[in-house]
Amino acid sequence: MTDRPLKVLIAKPGLDGHDRGAKVLARGLRDEGFEVVYTGLRQTPEMIVTAALQEDVDVVGLSILSGAHMTLVPRVCTQLRERGLDDVLVTVGGIIPDDDVEPLRAAGVASVFGPGTTIREVADFIRANATPRAE
Amino acid sequence: MTQDPAERATALADAARAGDRRSLARLLTAVENHTAVAEHALRRLYPLAGAAHLVGITGPPGAGKSTLVAALIAELRKAGRSVAVVAVDPSSPITGGALLGDRVRMQSYASDDGVFIRSMAARGHAGGLASTSAAAAAVFDASGFDVVLLETVGTGQSEVEVAAAADTTVVLEAPEMGDEVQAIKAGLLEVADIVVVNKGDRPGAQRTAAQLRAMLMPPATREVDDPSRPLPKRPEVLVTTAATGDGVPELLAALDRHRAHGVDGATRAARRNRAGSQVRAVLIERLWDRLAAPGMAGATDEAIDAVAGHELDPYAAADRLLAALGTADEERR
């Protein structure tokens with residue numbers, strides 16, 4: 001049996017058009033040895049969860065700069081659970097006010113990465129916390 | 001997973017066939033990872049596959065493969081046919097990581113159970129596909145998808161492996177990508193059943209198609225009766241604009257024609273080729289597993305070291321190891 005690299009979905013829910021950060025992270029995680037699925041802009045929670053299910057990813061990384069995280073992120077978490085993907089690690093990156101971090105954690109987010117986070121920090125967090133698929 | 005691999009495989013395979021998408025996704029992961037579950041599942045599923053139309057989509061980076069796949073999905077769904085996609089992107093030779101970006105162009109089907117898209121990293125496999133892409137296609141096939149689209153990595157001139165994995169191979173070209181000499185070089189264009197000039201709204205698309213048609217026509221008189229000489233394919237050349245969907249209905253019609261006409265000839269030959277390469281791949285894997293097993297691993301390492309030190313050539317090393325396997329078999333008897 002060969003170990004597969006961890007598989008990460010990088011998605012941008014909602015309507016903001018700023019995907020530079022998501023692309024830089026996707027590229028950076030590629031360089032850290034992950035298999036990164038990048039789905040592009042303007043994703044609905046349903047699109048993200050379908051992609052996570054079909055790709056059988058270990059991690060879902062959500063990038064949000066629009067301020068709509070309190071609406072969109074819990075929806076993604078709920079739908080992941082509803083479709084049996086409760087073992088997927090969910091992380092959020094972007095502009096998230098400190099006060100929102102705890103509620104997001106309560107909704108099922110493992111970690112919130114703000115501005116200034118290095119790619120190495122994200123990669124180390126994923127390696128330490130994701131449960132790789134074993135089939 | 002503490003469950004017995006055979007039981008787990010049966011559960012996953014049966015659930016996938018019954019339409020459970022999560023089990024299907026899990027099964028594909030097992031296949032990608034060459035696990036015991038995958039082998040059991042493939043043994044169960046292989047006899048149930050064979051009904052789907054396996055279509056390979058290949059061509060240079062940026063020609064529009066993913067966009068064309070998205071347009072084909074739309075067209076197939078209009079006709080009520082279910083479709084699975086295996087989209088392969090390259091793995092980094094340095095870190096093993098990969099950026100799988102083909103889904104960006106295939107967004108609109110999140111709530112449609114008749115569409116299943118799976119990205120795969122090539123994981124060091126050369127040739128345009130991952131080593132497990134054909135097995136993944138078989139899983140989709142056995143799970144009841146009408147059409148399986150195999151999208152290769154962006155290819156150069158000679159990544160022709162997709163032709164062995166697919167019933168019908170579509171080679172994409174972009175307008176003005178080369179002169180007529182490019183069209184008569186050996187390689188990728190030779191394995192095309194259908195050639196598509198995409199980005200048909202760009203200047204030069206029709207001219208490129210005309211050049212390809214002229215150059216890909218086989219010579220008028222050849223010893224066609226001499227069965228020992230392989231005949232070149234005579235691909236149809238079509239023009240599409242995948243981003244708008246122009247020409248895509250015509251492409252689907254051409255795919256169906258190829259499939260209908262090819263059942264006896266081309267498709268059967270393609271399927272036999274595919275069976276051959278699948279058996280060969282498993283044979284090599286099995287052989288290698290036996291050489292790495294306790295009792296043989298020492299001799300294998302020794303032979304490899306000897307080749308590395310130029311004391312032995314690779315051919316002699318292989319012969320020696322095969323002979324040693326034979327002796328081991330004798331002793332077991």
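The buried residues of helix α4 of chain B are B:Lys65, B:Ser66, B:Thr67, B:Leu68, B:Val69, B:Ala70, B:Ala71, B:Leu72, B:Ile73 and B:Leu76. A residue counts as buried if 20 or more other C-beta atoms lie within 10 Å of its own, as exposed if 12 or fewer do, and as partly exposed in between, with C-beta atoms placed from the backbone. Helices (H or I, at least four residues) and strands (E, at least two) are DSSP runs, numbered from the N terminus. Ten of the 14 residues of α4(B) are buried, so the helix is largely enclosed by the rest of the structure.

The model is predicted: local features require pLDDT of at least 70, side-chain atom pairs count only at pLDDT 80 or more, and totals for chains, interfaces and linings use all residues. Residues are numbered from 1 along each chain as its sequence is written, while chains are lettered from A and ligands numbered from 1 in the order in which they are written.

The 14 residues of α4(B), residues 65–78, should span 20 Å at 1.5 Å a residue, and the end C-alpha atoms are 20 Å apart, which agrees. The expected span is 1.5 Å times one less than the number of residues in the helix. After α4(B) comes B:Gly80, with a positive phi near 75°.

In chain A, five of the five residues of strand β1 (residues 7–11) are buried, so this strand is largely enclosed by the rest of the structure. Burial applies to both faces: A:Lys7, A:Leu9 and A:Ala11 lie on one side, with A:Val8 and A:Ile10 on the other. In a regular strand the side chains alternate between the two faces of the sheet.

The strand pairings are set out below; two strands pair if DSSP finds at least two bridges between them.

| Strands | Sense | Bridges | A bridge pair |
|---|---|---|---|
| β1(A) and β2(A) | parallel | four | A:Ile10 and A:Tyr38 |
| β1(A) and β3(A) | parallel | four | A:Ala11 and A:Leu62 |
| β2(A) and β3(B) | parallel | three | A:Glu35 and B:Ala98 |

Together, β1(A), helix α1 (residues 20–31) of chain A and β2(A) form a right-handed β-α-β unit. A crossover is right-handed if, with the strands pointing away from the viewer, the path from the first strand over the helix to the second runs clockwise.

Strand β2 of chain A contains A:Val36, which is buried, with 29 other C-beta atoms within 10 Å. Leaving aside neighbours within four places in sequence, the contacts of A:Val36 include A:Val8 and A:Ile10 as well as B:Ala98 and B:Leu99. Contact here denotes C-beta atoms, placed from the backbone, that lie within 7 Å of each other.

Between the chains, the contact takes 31 residues from chain B and 32 residues from chain A. On the side of chain B that touches chain A, α2 (21–32), β3 (98–100) and β4 (115–121) of chain B each supply at least two residues. The largest share of that side, eight residues, comes from α2(B). Its residues divide into 13 nonpolar, twelve polar and six charged. In this division Ala, Val, Leu, Ile, Met, Phe, Trp, Tyr, Cys and Pro count as nonpolar, Asp, Glu, Lys and Arg as charged, and the others, Gly among them, as polar.

Elsewhere in chain A, A:Val122 is placed in helix α5 (residues 119–129). This residue is buried, with 22 other C-beta atoms within 10 Å. Beyond neighbours within four places in sequence, A:Val122 is in contact with A:Leu25, A:Phe113 and A:Thr117.

Note on methods:
Two residues are in contact if their C-beta atoms, placed from the backbone, lie within 7 Å.
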